[in-house]
Amino acid sequence: MGQKSYDFGLVGLGVMGRNFILNVMDKGFTAIGHDLDDEKVASLLKEGGTTDKVNASSNAKTFIDSLSLPRKVMLLVPAGNAVDAVIETLIPYLDEGDIIIDGGNSFFKDTDRRESYLKSKGIHFFGAGVSGGAKGARFGPSIMPGGSKEAYQEVKPIFEAVAADFNGESCVAYLGPKSAGNYVKMVHNGIEYGLMQLTSEIYDILKKVGNYTNPELHKIFDSWNQGRLQSFLVEITAHVLKQKDDQAEGYLVDYILDKAKQKGTGKWTSQNAMDLGIPIPTIDIAVSMRELSSFKKERVLANTLYSNKKTERLDKEVLEKWAEASLYFGFVLTYAQGFHQLSEASKEYGYDLKLRTVAKIWRAGCIIRAALLEDIANAFDKNKGLSHLLLNDEFAGMIKPTLPAVRNLAILGINNGIPLPGLSNALTYFDGFTSNRLPLNLIQAQRDYFGSHTYERIDKPGIFHTDWE
């Protein structure tokens, strides 16, 4: 094996794992990888070249014995049973004080369970969400660690070196105890669902109402990426729209089946928000639309039954302005919902999250990186007790001017039968959040009528019940 005291170990040598370990090597650390697949082991050895800074093994004992103490072992394997299986494989070769880091998209409650289990054996365990895809893993992801602060200090120099850089600041920070890291990564992915849904809706209405060509749409999204909508998702949308198909004439995006898949993190975000009683409707509907998209056969049949949709034309300059303002509004509202969930979850689970820190480590490397995150970080920095972005004066000043365009575009979608559920839910959420009186008084009356569930009054304290009949 050559060198016997590697600084860092990584289990799971798929593309993400290989890229991450090569990133570690490039930053001056030594690293060894482990995978049961000999071909993946060989791939890492080939990509690592002749240097003695990187190595790999398909033997778990050899892998563990090659690490310096305390051993720092990161897992980049699929969430679920695979994580538990790898942990059980490694335990016999580990010593007290060694560290296991789960870099996958594990459910946060699983992370709490694993931390407690390994603590009983004297082994540190923490979750560290990694965002940025394969390219981010190779050249600088955003990393979201949480768990044992003592254990994090051991790996901190490596993580700070390999993470993305934003104006000299590394996009990694200790977030809090227990499963704080995996929870933040889960909400990150929920926000990602919302932003992607909104982007697809704006693309759809521009194409159907504006009759824009793909090259024109490319220019629009590319120009938006130079302004307040600057973000990774808007940037890659522009790239996607100019990609020619190498198997047929025209553009690749037009040949891709409209059925979106998911791995579960968006669903977990929605489910947990409901458990906490936190409304995140833009994220919820993004999950639902991916589910709806899977019913392609039924949608095609329904289209033949109800194919009386009209398409009105609108001045392209006006449509483009409405679309840009609406996408910006939707982005702000999606981030606001996600950060509100983080704020409430931090209280519920004892994470003590610093929302400014979360925003800062998302500014580069991750999938939801955007210029907006600098404004979000500043908002939480100025008001440490800020519970919701919509209560920030600066954001109020940015949102108000977009509202006429948002309402006009939502109406345009309705009139033309073009679904804009992400935007519509964001607008409804905004209107509800900014209403000083909602019609839920009637719901409380109904509940008391049929179930004696009681109600409160606006003119005096106490709990009341009426014999309605």
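The model is predicted. An open sheet of seven strands runs in the order 3-2-1-4-5-6-7, with mixed pairing. The largest nonpolar core has 88 residues, and a second, separate core has 31. Helix 8 packs with helix 11, and its axis also crosses that of helix 19.

- The seven strands have the order 3-2-1-4-5-6-7, and their pairing is mixed.
- Strand 3 (54-57) and strand 7 (142-146) stand at the edges. Each has a single partner strand, so one side of each is left without a neighbour in the sheet.
- On average, neighbouring strands of this sheet are turned by 25° against each other, direction ignored.

**Strands 1 and 2**

- Strand 1 pairs with strand 2 (residues 31-34) in the parallel sense, over four bridges.
- Val11 has His34 in strand 2 as its bridge partner.
- Strand 1 is covered on both faces. Phe8 and Leu10 are buried on one side, and Gly9 and Val11 are buried on the other.
- In a regular strand, side chains alternate between the two faces of the sheet.

**Strands 4 and 5**

- Strand 4 (residues 72-75) and strand 5 (residues 99-102) run parallel, joined by four bridges.
- Met74 has Ile101 in strand 5 as its bridge partner.
- Leu75 stands opposite Asp102 in strand 5.
- From strand 5, Ile99 and Ile101 point one way, while Ile100 and Asp102 point the other way. All of these are buried, Asp102 included.

**Helices across the sheet**

- Helix 4 (residues 81-90) lies across strand 1 (8-11), strand 4, strand 5 and strand 6 (124-131). Helix 4 runs at about 155° to strand 4.
- Helix 7 (residues 149-162) lies across strand 1, strand 4, strand 5, strand 6 and strand 7. Helix 7 runs at about 25° to strand 6.

**Nonpolar cores**

- Within the core of 88 residues, Phe339 and Trp362 have the most contacts.
- Helix 14 (residues 316-349) gives the most to this core, with 16 residues.

**Helix 8 with helix 11**

- Helix 8 (residues 180-209) packs with helix 11 (residues 265-276) at an angle of about 110°. Their axes are 8 Å apart.
- The two helices, helix 8 and helix 11, are therefore roughly perpendicular to each other.
- Helix 8 brings Tyr183, Met186, Val187, Asn189, Gly190 and Tyr193 to the contact. These meet Thr265, Gly266, Trp268, Thr269, Asn272 and Leu276 in helix 11.
- By class, the contact of helix 8 with helix 11 has six nonpolar, six polar and no charged residues.

**Helix 8 with helix 19**

- The axes of helix 8 and helix 19 (residues 421-433) cross at roughly 115° and come within 8 Å.
- Gln197, Leu198 and Glu201 in helix 8 meet Pro421, Gly422 and Leu423 in helix 19.
- The residues of this contact divide into three nonpolar, two polar and one charged.

- Most residues other than glycine have a negative phi, and most peptide bonds are trans.
- Leu69 and Pro70 are joined by a cis peptide bond, with omega about -15°. Pro70 is in the loop between helix 3 (60-65) and strand 4.
- Asn167 is not a glycine, yet has a positive phi of about 50°. Asn167 lies in the loop between strand 8 (165-166) and strand 9 (169-170). At 67% relative accessibility, Asn167 counts as exposed.
- Asp352 is not a glycine either, and has a positive phi of about 55°. Asp352 sits in the loop between helix 14 and helix 15 (355-361). Asp352 is exposed, with a relative accessible area of 52%.

Notes:
Residues are numbered from 1 along each chain as its sequence is written. This is a predicted model: local features need pLDDT of at least 70, side-chain atom pairs count only at pLDDT 80 or more; totals for chains, interfaces and linings use all residues. Side-chain values use heavy atoms; hydrogens and water are left out. Two strands pair if DSSP finds at least two bridges between them. Axes are lines fitted to C-alpha atoms, for helices over the stretch in contact, and angles run from 0 to 180 degrees between N-to-C directions. Contact means heavy atoms within 4.5 Å. A nonpolar core is a set of buried Ala, Val, Leu, Ile, Met, Phe, Trp, Tyr and Cys residues joined through side-chain atoms within 4.5 Å. Buried means under 20% relative accessible area, exposed over 50%, partly exposed in between (1.4 Å probe, protein chains only). Angles under 35 degrees count as roughly parallel, over 145 as roughly antiparallel, 65 to 115 as roughly perpendicular and the rest as oblique. Ala, Val, Leu, Ile, Met, Phe, Trp, Tyr, Cys and Pro count as nonpolar, Asp, Glu, Lys and Arg as charged, and the others, Gly among them, as polar.
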